[in-house]
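User: Hi! Could you walk me through this one while I have it open?

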Amino acid sequence: MIPTEDHDASAPLLDGRYRVEQAIGQGGMSVVYRGVDESLHRPVAIKLFHAGIVDIARQEAELGVLASLEHHNLVSLLDAGVVTGQDGTQQRYIVMSLVVGQDLEERLAVGPLASRHIAEIGYDMAEALDYIHANAVVHRDIKPSNILLVDYGNASERARARLTDFGIALAAGVERLTADGVTTGTAAYLSPEQARGGEVGPPSDVYSLGLVLLQCFTRRREFPGSLVESAVARLSRDPVVPEPLPEHWKHLLRAMTAQDPAARPLGAELVTMLRDVVIAETATADHVVEPTDETAPVPTRPETDRPATLDSLPDESLQRTTAMAARLFDAPIALVEVLDEDREWSQSYIAEGVDEAARSISFRNGFAPVPVPVVIPDGSAHPEMRNSPLVTGPLGIRFYVSVPLVKHDGAPIGTLAVLDTRPRQATEDDLANLRDLAALAVSQLEIRQESLRTTSDSLPVPRVVGDHTA
């Protein structure tokens, strides 16, 4: 058998070819090692299944199908074999390309992803699913840790996503790589039909990918807990798609996670939907127009039976909020942004002596508002921030923490953030204090909103005479 410690050049070779090095991943079915193909002198990943997990005698046909898969969004299966222990116990191993980069699970633990990058990851995965499903293969275990963000070392603006770990993939007409009776798939990402123990096909992979993309926004699992808890939750309700998301995202995520497998987009339809989302996100990012001075016209609010949310904001309240947030963290910069259906307001606190560049900081040049708290201890080590002018420029920003502004009905309406030039940590008490401050700010804003509503209800209704309002 293969031990888990690192191997040196004297370690035995698998099939006289693959030298096993350190373990780089472990799951319930297997351990993945970094290795070297001594014949071709290239690094590889070697996945060793635990004894008894797979039926070695019945899987050759399936391995042939998986080995035939070749696509730019897949991690290729290069080879397979069997290792026999001194007691005669056999274990299956498979050899895959070794991909350099983070998996999506690791990336989400670092900080939020821009919505455009989420769309690009989704598009890559849609292409991968279209290809494997056309070849009668169902992955069955789509989850963030099985999506690798590949770094090709060419300074590309975005990582390319590749799907890996076909260890429990199911090819039509052949046995699966799990022993009879073993539950396949990861609990948090199972489709409803998987949770029921029903027939599993391409729609199951689409549902799981929908949960992954949803998690990219919320940075939490939609159905956490044990297998039973998670299964019961998804059978009793649909995933909650955040209302602040644009319509193209809400439509896509709800379609992908429909309870009825027949209602989910498959193949070219899913690829087209993700491509359209990528285009929409790219267009949005390239066409953001913000007022540059106080004389810029205020966008016209569409006619409605109710006043706009926070039609007029108490600037003094927002100024105090940012100043108090900065004092809580002994930091030089704090920002707050409030979003309405068609307008936005922002306020900042800039300590004396801070470079004037701080006055141009906004949530559109480095810190995307998200509906959950975000902590970045050191921006210089953050994969998306380290090359930002906020980090490399005269400000030298290192620390970032933010919490959402949430109304009493649970709807997020903005973000409160603190920035510092010193790398540091945020404790649970720090986050609790910042959340309390955000809650107080929202209370003041809602009081202001109610006051405006009451006032507007008591005013006479303007009447139109000719081309003038009387």
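**Salt bridges and the rest**

Analyst: Happy to. Asp378 and Arg398 form a salt bridge through their side chains, at 4.0 Å from N to O; the term means a side-chain nitrogen of Lys or Arg within 4 Å of a carboxyl oxygen of Asp or Glu. The pair joins distant parts of the chain, with Asp378 in the loop between β14 (374-376) and α10 (389-392) and Arg398 in the loop between α10 and β15 (399-406), 20 residues apart. Helices (H or I, at least four residues) and strands (E, at least two) are DSSP runs, numbered from the N terminus.

User: What should I know about the model and the numbering?

Analyst: This is a predicted model, in which local features need pLDDT of at least 70 and side-chain atom pairs count only at pLDDT 80 or more, while totals for chains, interfaces and linings use all residues. Residues are numbered from 1 along each chain as its sequence is written, and side-chain values use heavy atoms, with hydrogens and water left out.

User: Thanks. How many salt bridges does the count come to?

Analyst: The count is 16 salt bridges. In one of them, Arg254 pairs with Glu243, the closest N and O atoms being 3.2 Å apart. Arg254 is in helix α7 (residues 247-256) and Glu243 in the loop between α6 and α7, 11 residues apart.

User: And Glu243, is that buried or exposed?

Analyst: Glu243 is exposed, with a relative accessible area of 53%, whereas Arg254 is partly exposed at 41%. Buried means under 20% relative accessible area, exposed over 50%, and partly exposed in between (1.4 Å probe, protein chains only).

User: What span should α3 have?

Analyst: The 20 residues of α3 (residues 115-134) should span 28 Å at 1.5 Å a residue, and the end C-alpha atoms are 28 Å apart, which agrees. The expected span is 1.5 Å times one less than the number of residues.

User: Nice. What about the largest nonpolar core?

Analyst: The largest nonpolar core has 58 residues, and Leu104, Ile147, Leu163 and Trp249 have the most contacts inside it. Such a core is a set of buried Ala, Val, Leu, Ile, Met, Phe, Trp, Tyr and Cys residues joined through side-chain atoms within 4.5 Å. Helix α5 gives the largest share, nine residues.

User: Last one: where does Arg219 sit?

Analyst: Arg219 is in the loop between α5 (202-218) and α6 (227-236). Although not a glycine, Arg219 has a positive phi of about 60 degrees.
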